[in-house]
Structures are given as structure tokens and as C-alpha cells.
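Open your viewer, switch to the cartoon view and get ready to click around. We'll go stop by stop, selecting a few residues each time.

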Amino acid sequence: MKIREIKILRGPNYWSIRRPKLIQMTLDLEEMEQRPTNTIDGFPERLQTLMPSLYEHRCSEGKPGGFFIRVKDGTWMGHVIEHIALELQTLAGMDCGFGRTRGTGKEGEYFVVFDYMEEDAGVYTAKAAVRIAEALIDAQPYNLDEDIQRLREIREDTRLGPSTGSIVEEAVKRDIPFIRLNKQSLVQLGYGVHQKRIRATIASTTSTIAVDIAGDKEETKNLLDAAQIPVPKGTVIRSEEGLKDAVERYGYPLVIKPIDGNHGKGNTTNITTYEQALKAFEAAKQYSRSVIVEKFITGFDFRVLVINYKFICAALRTPASVIGDGEHTIQWLIDETNKDPRRGYGHEKVLTQITIDQFTQKMLDEKGYTLETIPSKKELVLLKPTANLSTGGTSTDVTDEVHPVNIFMAERIARIIGLDICGIDIMAPDLKRPVTENGGAILEVNAAPGFRMHVEPSEGIARNAAEPVIDMLFPKGATGRIPIIAITGTNGKTTTTRLTAHICKAAGKKVGYTTSDGVYIQNQLMMKGDCTGPVSARFVLSDPTVDFAVLESARGGLLKSGLAFDKCDVAIVTNVTADHMGLAGINTLEQMARVKSVVPETVRKGGFAILNADDDLVYKMKDNLDCNVAFFSMDENNPRIKKHCAEGGFGAVYENGYITILKGTWKIRVMKVNDIPITFDGKAIHNIMNTLPAVLAAYMFRDISIEDIRTGLTTFVPSPALTPGRLNMFEFKKCKFLVDFAHNPAGLELLGNFVSKMDGSPKVGIISGTGDRRDEDIRELGSLSAKYFDEIIIRCDKNLRGRTAEEIVNLLVEGINEAKTKEIPFEIIYNEQDAILHAYNNAKPGSLITIMCDVVSEALDFIKGLKAKEDAE
């Protein structure tokens with residue numbers, strides 16, 4: 001078996017709208033295509049022995065053990081690998097249950113699709129599942145535990161931490177979208193101008209001055225002391241001389257820690273001898289030149305959480321420890337403690353397993369213990385110097401026990417430091433009494449406090465610490481979203497996108513939009529090239545200046561990694577025709593329609609899917625939508641439109657020379673087509689078709705008026721600047737050049753229809769075929785060229801996409817010869833610029849030269865150069 005390709009789908013996709021995170025592996029079974037599982041001796045038994053938990057997979061049988069029934073009866077290896085991949089992730093603490101295995105259209109080749117929680121873990125799983133299947137086929141031993149542990153490690157390395165994750169989960173519950181901005185914990189919540197950012201539990205609202213103060217323990221202590229907050233007495237030192245002075249001044253027990261450390265690094269507590277103090281001083285200097293020496297406060301370690309300057313919750317923290325039974329060693333007690341099902345690797349469970357590290361060894365050494373020591377019955381043996389949950393500590397919720405005076409003090413501390421998300425470490429006998437009365441003290445104030453101890457306490461009530469963070473960032477039910485119009489289809493997407501964006505800009509919106517030419521932020525080109533995929537869409541949604549997004553969403557990006565957004569407000573589907581067929585497992589028009597339908601299926605419930613009522617496949621998409629639907633048609637008497645509007649629906653039609661919006665049985669005539677520049681006095685039928693959904697989409701927003709729409713239509717003048725590669729006309733002394741991106745039969749048919757209405761003779765076509773299209777599609781381009789052009793120049797694209805130039809040219813010539821009704825002269829000039837130059841130099845007076853351009857910007861620049869040279873003569 002061979003893995004041909006692995007794709008990571010990150011958004012709504014061809015396989016599922018509701019399960020956006022999928023791995024799509026293209027798997028060639030090779031000779032295994034002829035060997036279903038029931039023909040491989042012992043395979044079912046070996047599989048069941050290695051992964052007995054697969055018994056829970058119901059498969060198509062719909063009952064436990066259903067998958068094993070399928071394996072015994074005989075199924076193909078792609079299906080088996082799908083289930084292995086799902087179960088392998090589940091065994092590693094990532095519950096996954098959605099999978100599909102479907103043929104690609106090539107014999108023995110399959111798409112194996114399964115969901116994932118972490119991308120890198122999903123990719124590792126795909127490869128591991130194939131390795132496991134191959135080992136089982138060959139009856140070779142396989143160490144499954146190694147894969148499970150590796151997946152746990154990958155998960156811990158790549159996942160959002162429990163604190164950041166809890167905030168993101170709370171945001172998702174409230175329909176607030178998020179974008180992970182790096183591989184660490186920087187996350188954007190919301191889109192465009194409404195976005196907020198978090199890094200761990202620091203928010204974009206958090207004062208950097210406050211973070212700096214909290215990071216300087218001495219500065220923090222001085223501010224709190226000046227405000228009459230109880231803090232341990234202490235000083236900052238840099239030398240051994242300073243250490244001696246501090247010991248003499250404060251006496252034992254002491255705490256020594258780096259001035260700007262975190263997570264307990266370099267901290268030593270309960271120091272009772274000068275030898276211990278010297279070692280602690282050296283340990284602290286590993287993290288900071290300046291070291292704090294202060295009086296050790298006896299009591300318990302509490303963490304109080306204050307968010308938006310309001311007390312939220314409190315927890316008692318206990319360092320990792322074991323309790324002796326007088327019979328077993330410390331190592332045995334640790335192993336038993338780690339058997340607690342609540343303890344797992346990293347952050348996968350409520351508690352973390354206790355590991356033996358240098359801090360553990362140091363603490364045991366100080367007591368004269370080893371791991372083989374048998375502590376006395378009920379003796380508490382501390383294994384870590386701090387109570388961090390990540391090192392095996394535990395937490396107990398004590399929120400309801402906190403005295404009102406302590407609540408007031410905590411909220412006041414947050415104000416004094418200026419932290420809107422604030423963790424306060426208190427050492428005290430308890431929090432039931434005021435700290436000022438029970439001898440307790442404030443040890444530290446923390447920016448980016450961990451939420452895990454509150455969200456998943458070992459004991460007591462779990463507190464939703466993330467909720468007040470989201471309340472602070474997005475008050476009054478705000479979702480942080482901006483309006484999104486998403487546009488898909490085979491032809492007309494880019495023009496429709498540009499026109500829609502232009503209308504919205506005319507209405508005062510700060511628009512970001514993506515097209516096959518580039519990404520634009522408020523009409524400024526930010527990225528060049530085909531930008532119709534999720535990366536470009538994410539670029540727009542991440543831009544803090546954008547308050548309205550118009551996103552061209554093409555087939556390629558959808559199939560490669562899904563959509564960049566979870567939902568949109570309006571979706572337009574222009575049409576579905578034969579283009580890109582036979583690629584990525586899409587072999588029929590119905591399959592292509594399924595790809596395009598992903599976009600309208602993401603429309604929010606109150607939004608609108610705007611569908612072409614003249615296209616059967618597009619019209620049929622309405623059946624699977626959970627949103628409002630509106631239709632457009634070039635025929636005002638289209639029965640689908642008439643029925644829909646008679647029932648109170650919306651539509652847009654080309655009616656009596658006008659672009660008309662239908663609102664139920666009412667008509668709103670927007671503008672005469674002849675007055676809309678991109679229609680070329682009504683000759684460019686395809687641009688009338690592109691205008692209809694653009695107008696209807698804009699109308700769906702209450703703050704965009706009919707006057708705004710008219711202004712947008714009037715000022716959207718076809719030109720290389722506004723519509724590059726879409727009906728760009730250049731006037732030369734002897735001839736005219738028409739530049740268009742028509743690249744498939746349907747597009748060339750529309751272009752040819754327009755050319756036939758234009759003045760100019762002879763009509764010369766510079767044509768090409770795209771290598772990754774079917775033979776019949778390339779031949780049809782030749783046939784259509786013979787229908788619309790008097791003379792033809794055949795060129796080739798820069799990227800031949802898997803074919804030779806001769807293959808493409810021969811197919812075009814075949815199409816021309818099959819369709820021509822008269823002798824049509826044609827020439828073959830492979831290079832595009834050479835072809836343009838030849839047409840220009842040999843142009844007959846009054847001729848119209850039409851070029852189906854390859855790289856739009858290069859073709860336009862070359863023709864502009866010819867024009868500038870001619871004008872300068």
C-alpha cells in the first residue's frame with residue numbers, strides 16, 4: 001500500500017460541514033485491492049488482539065462489535081485503516097469518531113477520511129494506521145504503545161493549553177469565531193475590526209505595564225506593601241554578602257526565589273539552615289541576577305482569581321505528594337498514586353502524573369530520603385517545591401469559603417497592579433478569616449494565571465473561569481463577527497466578487513475581499529495571485545481594519561483544506577459547469593456541485609443563500625440548506641423564481657432591460673442594464689448574469705440602500721484596475737485587443753457571445769488549453785474557437801499541468817477541425833507574449849484580437865507596454 005497524499009482539512013469541507021477538522025488521505029491499496037480482510041489468514045484475530053477496543057466501533061452494522069463483523073465477512077483495507085486511525089487517537093486521549101472511506105475513481109485508490117483533534121497528531125495517525133495494517137497483514141509484531149505515547153507527546157506539544165483552550169471553548173459556545181495565530185497560545189477571537197486577542201490568559205485588554213509589574217516580584221511587593229496589603233518581609237540580593245545580611249535580618253525559615261521567575265522555577269521554600277540558603281541562592285541565580293530573600297510564611301497555598309477586577313474563584317493548591325503507609329517505598333506510593341484514572345499525561349486529564357525530576361530528588365535529599373525509603377504511616381512526603389498542577393499537584397475549590405474582606409482585598413490588589421486577569425498567590429492558614437488577622441500574606445501576583453485548577457479542580461465545584469473573560473472581551477452578547485459574503489461557482493466568481501465588494505465599499509464599508517487575482521484590503525492590493533482559498537480568506541478575517549468581507553471561494557481551496565470560516569451571512573453560487581473535472585476525485589458534475597454546495601451550507605440560519613435558478617444543479621442546492629434562499633435568473637418568467645416570489649421570497653431578474661429585485665410580488669427596478677458599465681450596453685450577457693447576484697447580496701443588508709447599489713453599479717467601470725483580465729479592451733491604431741481570463745468551455749462560450757456582438761473584423765482569437773482538463777474539454781475549446789473567430793493563434797500556458805505542449809495543441813486542432821464550417825487559418829506560437837506580439841504586428845486594420853490570457857497581470861502589462869510604445873511614436 002502507498003500513501004499518495006495527505007490533506008489537512010481545517011474548515012467546512014466536501015465531507016462534512018459540522019466536522020471541519022478532517023484528515024483526507026489518498027491511499028493506493030495496490031495489490032491489497034484484490035485481498036479483502038476475509039482472505040488474509042488470521043487478520044481478523046490479530047487485529048482484535050492488538051486493538052480489542054475496536055469492539056466499540058458499531059460500523060454499518062449499528063451495534064457493538066459491528067466493525068469486527070465487517071472485518072470477518074470481508075472488507076477492504078482502506079476501511080480498516082480508517083477505523084484504526086480513529087481508535088489510535090482515542091487511545092491517546094483524543095476521542096475521534098467520524099470517518100469515511102470512498103473510492104477516488106481510480107481502481108484501488110481510496111480517500112480515507114477521519115477526524116482529528118490536533119493536526120500533527122492526525123497526520124502522524126494516518127501514517128501509523130497504514131504501518132499497523134501492514135504489520136497485521138504480514139503477521140509481524142507491532143508496538144502500539146509507542147504510537148500512543150508519541151501521539152500524546154504530539155498532542156501536548158501542539159494543543160492549546162488548558163487555560164487558553166477553556167477561553168476558546170467558551171468563545172465557541174457563544175458563536176464567537178477564533179483563529180489560532182501561531183503554534184503557541186496566541187489566538188484571535190472574532191473577525192476584522194471586532195477581534196480581540198489572547199495569549200494564554202493575557203488578553204489584548206491587559207495592561208503591559210501591569211504585566212511588567214507582576215513580573216517583577218520586588219516591585220509588586222513594594223506596591224502592595226505601600227497600599228497596606230500584607231506581604232512577607234524580605235529584600236533583594238545579588239551576592240553572598242547580601243544573603244548573609246538577609247539571613248541575619250529575617251531569620252529562618254526563609255524563601256529564596258528569582259526576582260522575575262515563573263512557574264516556581266528556581267524557588268526554594270522553608271529554608272532552615274545557611275547551607276540550604278546558599279544552595280537556594282545558587283539555584284535562583286540560574287534564572288535571574290537579582291534574587292528575593294523573604295520570610296517563609298507558614299500555612300497553605302491558595303490561588304485567588306480576579307477577572308475584570310471582580311473576584312471569581314479561589315483554590316487550595318497542594319504540591320505533588322504521597323502519604324506513607326509504613327509498608328511501601330516512596331517509589332511504590334508514587335506508582336500507586338499515578339494509577340488514579342484522573343491522572344494522565346500532560347494536560348489530558350484533571351490531574352497530571354507525578355514524575356521524578358531534579359526537584360523531587362532535591363527534596364528527598366534534604367530529608368535524607370531516597371525513592372526506596374519507606375515513610376511512616378500517614379507521613380506526608382512532598383515531592384515538588386510548588387503546587388503547580390502540571391507537576392502533579394492537586395487543587396481544591398474553596399470559592400465559597402473566602403471571607404468578604406479577602407474578596408475586597410483581592411479585587412483591590414488587581415486594581416493596584418492594574419491586571420484585568422489576575423492570579424493572586426496567598427499563603428495563609430485559611431481564607432475563611434481575613435488574611436490581615438490570621439498571619440497570612442500575599443506571596444505573588446500573576447499575569448497569565450492558569451485556569452486549570454479552577455476549571456478542573458481535584459475536589460470541589462468546577463468554576464467556569466473562562467466565562468468572565470469572554471464577558472469582558474465581548475460584552476452584551478457581541479459575537480465579534482463581521483458580515484461575510486462568500487461567492488463560489490464555476491464562472492463569473494471573480495467579477496461577481498469584485499462588483500459586490502465595490503457596491504459595499506460605496507455604502508461606506510471597509511471591505512476586505514479575495515479574488516483569483518489577489519487579496520485587497522479597502523481596494524489596496526495586499527497579495528498577488530490566485531487568492532481564492534482559505535489562507536487568503538483568513539488573511540482578510542484577521543485584518544483589524546476590515547468590517548466587511550467578500551470572499552471568492554473556489555473549488556481548489558475547498559478540496560485542499562476546506563473553508564476558512566465556519567459560517568457566512570450570504571453565499572452566492574453563480575453556476576456549475578464542466579471545469580476541473582477528473583481532478584481530486586471529482587469526476588462528475590454532480591460531485592462538482594457537491595463541492596460548491598459547501599459554501600451555501602455554511603450560511604447562518606438568518607442569512608441568505610443566493611442561487612442561480614437557471615442552473616439545475618445550483619437550484620437543487622436549496623434542498624439541503626438551513627437558511628433563507630433567494631434566486632436570480634436571466635428570465636423574469638422563470639417558473640422557479642415566480643413560484644418562490646409568489647410565496648414571499650426574494651429574487652433578482654433581468655427584466656425589460658432592467659436589473660430588478662423581486663420582493664415577494666413587488667418589483668424594485670434598480671438600474672437599466674445599458675447604464676451599467678460592465679455590461680457594455682447590454683452586450684456582455686455574462687456580466688448581466690454576474691450583476692444580478694451581486695445586487696441581490698448587497699440588498700440583503702439593511703444598511704446598504706438601493707442608492708448605494710446604484711452608485712456602486714455606475715462607478716464599477718471595466719478596466720485592468722477594477723476588473724483585471726475580465727473584458728479589458730485596449731484601442732490601438734490598427735486594431736483592438738480584448739483580454740479575458742476565459743479558461744473553460746462555458747467561459748469561452750460567454751466570451752464568444754460577447755465578441756460576436758462587437759464591431760471589428762476579422763475577429764482573431766489567441767487561445768490555449770489547460771493541461772489538467774479532460775481531452776473533451778480541451779477539444780471543446782477548439783470547437784468554440786472555430787465558431788466565434790475568423791483566425792486563430794494557438795499558444796500554451798506557462799504551466800502545462802501534466803501534459804506536453806504538443807498534446808494540448810493537437811487536441812485544440814482536433815476541436816477546430818471538427819467544428820469549422822469554413823477554412824479557418826491558424827498558427828501555433830507557444831509563448832504567450834510572442835503570440836500577442838505576432839497578432840499585433842500582423843493585425844489587419846479594424847480587427848478585434850481576443851486573448852484568453854494565462855497569467856493575467858503579465859498579459860496586461862505586456863499589452864500596456866505595446867500601447868505605451870505606440871502612443872509614444
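Over how many bridges do S1 and strand S2 (residues 22-28) pair? Select both and look: S1 and S2 pair in the antiparallel sense, over seven bridges. Helices (H or I, at least four residues) and strands (E, at least two) are DSSP runs, numbered from the N terminus, and two strands pair if DSSP finds at least two bridges between them.

Before moving on, some ground rules. This is a predicted model, where local features need pLDDT of at least 70 and side-chain atom pairs count only at pLDDT 80 or more, while totals for chains, interfaces and linings use all residues. Residues are numbered from 1 along each chain as its sequence is written, and side-chain values use heavy atoms, with hydrogens and water left out.

**Stop 1**

Click Leu9, and you'll find Leu22 of S2 opposite.

Axes are lines fitted to C-alpha atoms (for helices, over the stretch in contact), and angles run from 0 to 180 degrees between N-to-C directions. Contact means heavy atoms within 4.5 Å.

**Stop 1: the sheet with S5**

Here's another open sheet of four strands, in the order S5-S6-S7-S8 and with antiparallel pairing. Its edge strands are S5 (178-180) and S8 (202-203), each pairing on one side only. Pick strand S7 (residues 196-199): two bridges join S7 to S8. Click Arg199, whose bridge partner in S8 is Ile202.

Now show helix H6 (residues 162-173), which lies across S5, strand S6 (186-189) and S7, at about 15° to S6. Inside helix H6, pick Ser166. Is Ser166 buried or exposed? It's buried, because its relative accessible area is 10% (buried means under 20%, exposed over 50%, partly exposed in between, with a 1.4 Å probe and protein chains only). Leaving aside neighbours within four places in sequence, Ser166 is in contact with Phe451, Val455 and Ala466.

**Stop 2: one more strand**

Finish by selecting strand S18 (residues 380-382), where Leu382 sits. Leu382 counts as partly exposed, at 32% relative accessibility.
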